[in-house]
Amino acid sequence: MVIDESHISVPQVKGMFNTDKSRKTTLVEYGFRLPSALENRPLNYDEFSNKSDQVIFVSATPNDEEIKLSNNEIIEQIVRPTGLLDPTVEIRPRLDQINDLMNELKKQKDKNERTFITVTTIKMAEDLTEYLKERNFKCAYIHNELKTLERSLILNDLRRGKYDCVVGINLLREGLDIPEVSLVCIFDADKPGYFRSDKALIQTIGRAARNQNGRVIMYADEMTKAMKIAVDETNRRRKIQEKFNKDHKITPKTIIKPIYDDLKNKASHKQIEEVMRKTKAKGDKFIKMIEDLRNEMLEAAKNQNYEHAASLRDLIIELETQQLSKTNK
């Protein structure tokens with residue numbers, strides 16, 4: 001069995017059982033479900049683990065448990081076929097960080113390169129976005145309150161140059177490997193929390209590793225243990241990559257990645273809304289659109305274009321959820 005992104009997948013397996021049990025136990029205790037409902041459940045982690053004698057954990061930041069289970073038999077895949085290096089990391093004081101950020105955004109704009117900015121709260125993401133817009137920067141924000149369809153449209157617009165930068169909280173989710181992004185700015189890098197842990201910081205730093213000019217700026221007033229681990233690990237990997245490139249005469253090149261249409265047949269966001277508006281009266285149009293998207297998803301997976309397939313999967317779920325909510329009204 002191969003477990004991809006194991007630093008996320010393994011905790012999710014554990015969480016599914018615990019969450020399901022907690023929810024159903026409450027329902028049974030208050031008489032909303034029969035006790036037999038507890039038997040209809042996901043596997044717990046021990047049951048899941050016993051399903052396979054051999055497991056390969058795949059992750060850029062494996063958890064301690066995966067390392068222990070592997071008996072420290074770790075195979076590192078650090079060098080890239082493109083020769084791209086892990087980005088340089090610079091730490092700057094939080095004082096005057098907004099003005100410093102705007103100076104960097106001007107440089108990025110002159111180079112026609114994009115920027116990710118990560119903050120710690122939804123309110124800060126929204127406020128910073130508005131502040132930058134008022135100063136003539138093309139900016140948008142993404143967070144978990146935005147629907148999948150909206151996130152997909154924003155990220156595609158970032159790649160096309162409609163936006164100079166995107167502000168977010170969680171830059172660890174799939175679909176954020178964007179080659180046009182050469183700068184990642186991390187606000188409050190020294191604040192405690194999951195998204196400022198060493199593993200999360202390493203993952204966030206990696207968002208600038210798809211561009212040959214990749215670099216990261218951390219705004220912090222002190223060097224936390226998590227920051228030091230993340231910076232040291234990034235520098236370690238970068239040295240290995242530089243040596244490999246030198247030994248094999250490889251020149252780093254930014255990856256080339258097509259920008260997919262937001263929907264099949266180049267349907268625009270307005271066209272999607274128009275189809276959704278008419279689905280109650282003409283359900284066949286909606287069914288046909290979903291079929292086309294599903295076929296495109298399967299074709300992308302067949303061609304091993306898994307990122308595009310995943311984005312189409314999320315889009316299908318989003319559209320079906322919207323349609324269901326309309327039907328239930």
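This is a predicted model: local features need pLDDT of at least 70, side-chain atom pairs count only at pLDDT 80 or more; totals for chains, interfaces and linings use all residues.
Colleague: Over how many bridges do S7 and S8 pair, and what makes that count as pairing?

Modeller: S7 and S8 pair in the parallel sense over four bridges. Residues are numbered from 1 along each chain as its sequence is written, and side-chain values use heavy atoms, with hydrogens and water left out.

Colleague: Which strands are called edge strands, and why?

Modeller: Six strands form an open sheet in the order S3-S8-S7-S4-S6-S5, with parallel pairing. Strand S3 (88-92) and strand S5 (139-142) are its edge strands, as each pairs on one side only. Neighbouring strands of this sheet are turned by 20° against each other on average, direction ignored. S3 is joined to strand S8 (residues 215-219) in the parallel sense by five bridges, and within this pairing Thr-88 has Arg-215 of S8 as its bridge partner. Five bridges also join S4 to S7, which run parallel, and there the bridge partner of Ile-117 is Cys-185 in S7.

Colleague: How do you know what is a strand and what is a helix, and how many of each has the chain?

Modeller: Both are DSSP runs numbered from the N terminus: helices are runs of H or I of at least four residues, and strands are runs of E of at least two. Under that rule the chain has 11 helices and eight strands.

Colleague: What makes helix H5 one that packs on the sheet, and what angle does its direction make with that of S5?

Modeller: Helix H5 (residues 122-134) touches strand S4 (114-118), S5 and strand S6 (165-168), where contact means heavy atoms within 4.5 Å. Its direction makes about 170° with that of S5; axes are lines fitted to C-alpha atoms, for helices over the stretch in contact, and angles run from 0 to 180 degrees between N-to-C directions. Helix H8 (residues 225-247), in turn, lies across S3 and S8 and runs at about 150° to S3.

Colleague: Why is Asn-245 called buried?

Modeller: Buried means under 20% relative accessible area, exposed means over 50%, and partly exposed lies in between, with a 1.4 Å probe and protein chains only. Asn-245 has 7% relative accessibility and therefore counts as buried. Asn-245 is found in helix H8 and, leaving aside its neighbours within four places in sequence, is in contact with Gly-83, Leu-85, Ile-250 and Pro-252.

Colleague: What makes H7 and S7 mostly covered, and how many of their residues are buried?

Modeller: In helix H7 (residues 198-205), six of its eight residues are buried, namely Ala-200, Leu-201, Ile-202, Gln-203, Thr-204 and Ile-205. These buried residues pack against helix H1 (6-29), S3, S4, strand S7 (181-186), S8 and H8. In S7, six of its six residues are buried. For the chain, buried residues make up 40% of the 329 residues.

Colleague: Why is Ile-317 called partly exposed?

Modeller: Its relative accessible area is 46%, and Ile-317 is therefore partly exposed. Ile-317 is found in helix H11 (residues 306-328), and its C-alpha atom is separated by 9.5 Å from that of Ile-290, 27 residues apart along the chain.

Definitions and conventions: Two strands pair if DSSP finds at least two bridges between them.
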